[in-house]
Every structure is written in structure tokens, then in C-alpha cells.
Amino acid sequence: MHTINQNDPPVLDYLEEFSSKLDCVMVEIANVKRFALADNLKLYNVNQLARALGLAPGTIYNKINKRQIPFMKIGGSIRFSEEHLNQILYANSK
């Protein structure tokens, strides 16, 4: 059995990185909750956005991977706000 020494530099680096990422996630969750409560925010998933735009879900995922459309991740799930939908529609109307 391997004992983890919390003073080992690799362990400290890992814990520091993990803590930093966790802080970022917590800030994002707080922001989403704040916006949702403040604006009664409607969030769409990939399938809902695809239906609204008349596109296949795979096309939406491709655009997400290429960073061609705005989105947010909440707990690992991709979501789109009304503002994201408006930005996508406006960009496609040009």
C-alpha cells in the first residue's frame, strides 16, 4: 500500500490545481444561480437549441467544439441562455 504524503511536491501541486479548478466551478455555479434567479433565466440544452435553430444536434456539438457559438457548462452539461440564442440568431442573420 502506498501512503500519500501531503508534503510531497506532486501531491501539493495536484491539490493546489484541484482547489483552483474547484474555486472556478463554484464561481460559475454562483453566477448561473444569480442570473437564473435575477432574470428568471431560461436555459436550453443542445437538443432544444437544435430544434429552435432547425439544425441537427451533431451540428450544434460541432459548432461548440469549434467555439463558433456561445455556451456555458453547468455541472458538465452544456447549456444556452436566451442571450446565447439571440447572439447565434443575430450572427446567422448577417
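**Overview.** I'm working from a predicted model. I looked up the secondary structure and got 4 helices and 3 strands. Going along the sequence, I read them off as α-β-α-α-β-β-α. Of the 94 residues in the chain, 17% are buried. I also checked the surface: the chain exposes about 7300 Å², with 54% of that coming from carbon and sulfur atoms. For contacts between residues at least 6 apart in sequence, I noted that 43% join residues at least 24 apart.

**Helix α2.** This one runs over residues 46–53. Which of its residues are buried? I found Val46, Leu49, Ala50 and Leu53. Looking down the axis of α2, I see these buried residues within an arc of 100°, so they line one face of the helix. On the face turned away from the buried side, I found Arg51 and Ala52, both exposed.

Next I asked what covers the buried residues of α2. The cover includes β1 (43–44), α3 (57–65), β3 (77–81) and α4 (82–92).

**The two ends of α2.** At the start, I found a side-chain oxygen of Asn45 within 3.1 Å of the backbone nitrogen of Asn47. After the helix comes Gly54, and I noted that its phi is positive, near 70°.

**Rings.** I looked for aromatic pairs and counted 0. I did find the charged end of Lys42 over the ring of Tyr44, 4.9 Å from the ring's centre.

Methods:
Residues are numbered from 1 along each chain as its sequence is written. This is a predicted model: local features need pLDDT of at least 70, side-chain atom pairs count only at pLDDT 80 or more; totals for chains, interfaces and linings use all residues. Side-chain values use heavy atoms; hydrogens and water are left out. Buried means under 20% relative accessible area, exposed over 50%, partly exposed in between (1.4 Å probe, protein chains only). The arc is that of the directions from the helix axis to the C-beta atoms. Contact means heavy atoms within 4.5 Å. A polar contact is a pair of N or O atoms within 3.5 Å; within protein, one must be able to donate a hydrogen and the other to accept it, and residues adjacent in sequence count only if both atoms are side-chain atoms. Rings of Phe, Tyr and Trp (its six-membered ring) pair if their centres lie within 6.5 Å; planes under 30 degrees apart count as stacked, over 60 as edge-to-face and the rest as tilted. A charge sits over a ring if NZ of Lys or CZ of Arg is within 6 Å of the ring centre and within 35 degrees of the ring normal. Accessible areas come from the Shrake-Rupley method with a 1.4 Å probe; for residues, only the protein chains shown count as cover.
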